[in-house]
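Colleague: I would like to learn how to read side-chain contacts in a model. Could you walk me through them?

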Amino acid sequence: MAESMEAWPVGLRFKPTEDELVGHHLTKKLRGEMETICVIPELHIYNWEPPELFARYNELSSIPSDGSECFFFCPRGRKRKTPCGFWKETSTKRVIKAPDSAEEMGLRRSLVYHEGRQRNAHRTNLGMHIYNLNSNVSDSEILDPTALVLCHIKNRKKEKAKPETPSTSTELSGPSNLNDSQIEETQDMSEQTSPEVTVDLPPNEMSNFNLPDRNLPTPDQQPHTTEEQHCLMIIMSTMTNLAMDIVSCHISK
């Protein structure tokens, strides 16, 4: 059975319409016609929890489920309790008609699975459509039109889930080939602060500057310091020359 699926084209899904489910699949099953390939297996679904039904479907059907939906023929009954919950019918009903003649073929009922028992139960994302054939169907080959129903179970959370896309954060940040010790070392290095730079100035020049707490002059003060030093050098040179001129004048006298 699994070998026959390997030859199927990629992306092929079992997507029957509602009139096909009732007018073809359910009708043929009630007639007792056997299929060469099991598409919709027969199972008493209320003996199983909904998550287990998808696994059972993959075991029994020739068309595997992707976890979003599965199909079963089930004996008709009013008790819809499972070991851990129950299927609750909603008020939504729909008449299924033949597409060519608009003749009523059957009816669709909607149910939702609840976990727990009555007061403590909570609604889940699992829903089900139950299709049954009209009881007054004029078909001599169908002995009991109500013997079986066709159940279409859907996991609505699985249907809405979007496919995951690979993250590009690793590619954008570059390759990461560091081991744990190298990563820790890198983190320690990044946490270290920049070393302080100290400039020792002569005592007579320290009073000419308004320095911050650190000894390193700020950028806006550096050009000002260089200019004053230059002026000081010119004054000292001028005074030295003047002194030498005075000394020379006294010596000449």
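**Reading side-chain pairs**

Modeller: Aromatic pairs come first: rings of Phe, Tyr and Trp (its six-membered ring) pair if their centres lie within 6.5 Å, and planes under 30 degrees apart count as stacked, over 60 as edge-to-face and the rest as tilted. By this rule the count here comes to two aromatic pairs. One of them joins Y57 and F72, edge-to-face, with 5.7 Å from centre to centre and 80 degrees between the planes. Y57 belongs to helix α3 (residues 50-60) and F72 to strand β1 (residues 69-75), so this pair ties together parts 15 residues apart in sequence. Helices (H or I, at least four residues) and strands (E, at least two) are DSSP runs, numbered from the N terminus.

Modeller: A word on the source: this is a predicted model, where local features need pLDDT of at least 70 and side-chain atom pairs count only at pLDDT 80 or more, while totals for chains, interfaces and linings use all residues. Residues are numbered from 1 along each chain as its sequence is written, and side-chain values use heavy atoms, with hydrogens and water left out.

Colleague: Is Y57 buried or exposed?

Modeller: Buried means under 20% relative accessible area, exposed over 50%, and partly exposed in between (1.4 Å probe, protein chains only). Y57 has 2% relative accessibility, so Y57 counts as buried. F72 is buried too, at 0%.

Colleague: How many salt bridges does a search of the whole structure find?

Modeller: The general idea is that side chains of opposite charge can pair when their charged atoms come close. The rule asks for a side-chain nitrogen of Lys or Arg within 4 Å of a carboxyl oxygen of Asp or Glu. Searching the whole structure gives nine salt bridges. Among them is K15 with E69, whose closest N and O atoms are 2.9 Å apart. K15 sits in the loop between α1 (2-6) and α2 (18-31), and E69 in strand β1, so the pair ties together parts 54 residues apart in sequence. K15 is exposed at 59% relative accessibility, whereas E69 is buried at 11%.

Colleague: Which side chain meets E42 in a salt bridge?

Modeller: That is K29, at 3.3 Å from N to O. E42 is in the loop between α2 and α3 and K29 in helix α2, 13 residues apart, so to speak a link between distant parts of the chain. E42 is partly exposed at 43%, and K29 is partly exposed at 27%.
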